[in-house]
Amino acid sequence: MKSNTLTAIFPGTFDPITNGHIDLITRASLLFPRLIIAIAENPNKQTLFTLDERVNLASTSVEHLLNVEVIGFDNLMADFAQMHSATVIVRGVRTTHDFEYERQLAEMNRSLKSDLDTIFLMPSIAMGFISSTIVKDVAYHGGDISNLVPIHVKTELLKRLT
């Protein structure tokens with residue numbers, strides 16, 4: 001797809017999408033005219049939800065953001081960016097550990113596609129501790145995840161864990 005609109009990609013596994021992700025997606029959607037949430041089929045990760053389920057959960061979560069679309073993918077990020085005429089990757093970083101890893105990915109993507117830049121967004125203070133892994137762990141142990149994920153995600157997660 002060739003486009004004259006500046007397109008950014010917010011990639012991840014989103015297993016499941018959390019309010020932390022949605023906070024970053026919402027903020028990124030204000031920075032770019034077109035934002036693609038790229039949901040990865042990652043064979044190195046054992047996901048709780050299938051790719052199609054993760055795409056559906058994310059799509060419902062961001063349907064109010066008119067310049068955002070959700071697409072599943074299973075190829076290199078640089079190739080995905082090329083296919084969708086994207087020149088920016090948006091990544092959230094919570095910690096210095098996140099930054100080191102994300103920096104390596106950014107450099108690799110830039111070496112594969114020289115016009116592909118990565119920008120990092122810090123989560124809001126209220127969302128900085130949220131991760132999909134923590135959400136699943138809290139839910140698995142019977143904790144309240146109501147303020148961590150959208151209600152439809154909570155419903156599906158609790159179904160999956162029981």
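User: What makes up the accessible surface of the protein chain, and how large a share belongs to carbon and sulfur atoms?

Analyst: Happy to start there: the accessible surface comes to about 8900 Å², and 56% of that belongs to carbon and sulfur atoms. Areas come from the Shrake-Rupley method with a 1.4 Å probe, and for residues only the protein chains shown count as cover. Please keep in mind that this is a predicted model, where local features need pLDDT of at least 70, side-chain atom pairs count only at pLDDT 80 or more, and totals for chains, interfaces and linings use all residues. Residues are numbered from 1 along each chain as its sequence is written, and side-chain values use heavy atoms, with hydrogens and water left out.

User: Why is the chain called as compact as a globular protein of its length?

Analyst: Let's begin with its elements: there are 6 helices and 5 strands, where helices (H or I, at least four residues) and strands (E, at least two) are DSSP runs numbered from the N terminus. The radius of gyration is 15 Å, close to the 15 Å that the globule rule gives for 162 residues, so the chain is as compact as a globular protein of that length. The radius is taken over C-alpha atoms, and the rule is 2.2 Å times the number of residues to the power 0.38.

User: Why is the pair R91 and E102 called a salt bridge?

Analyst: The term asks for a side-chain nitrogen of Lys or Arg within 4 Å of a carboxyl oxygen of Asp or Glu. R91 and E102 have an N to O distance of 2.7 Å, so the pair qualifies. R91 lies in strand β4 (residues 88-92) and E102 in helix α4 (residues 96-112), 11 residues apart.

User: Are R91 and E102 buried or exposed?

Analyst: Buried means under 20% relative accessible area, exposed over 50%, and partly exposed in between (1.4 Å probe, protein chains only). R91 has 19%, so R91 is buried, and E102 is buried because its value is 6%.
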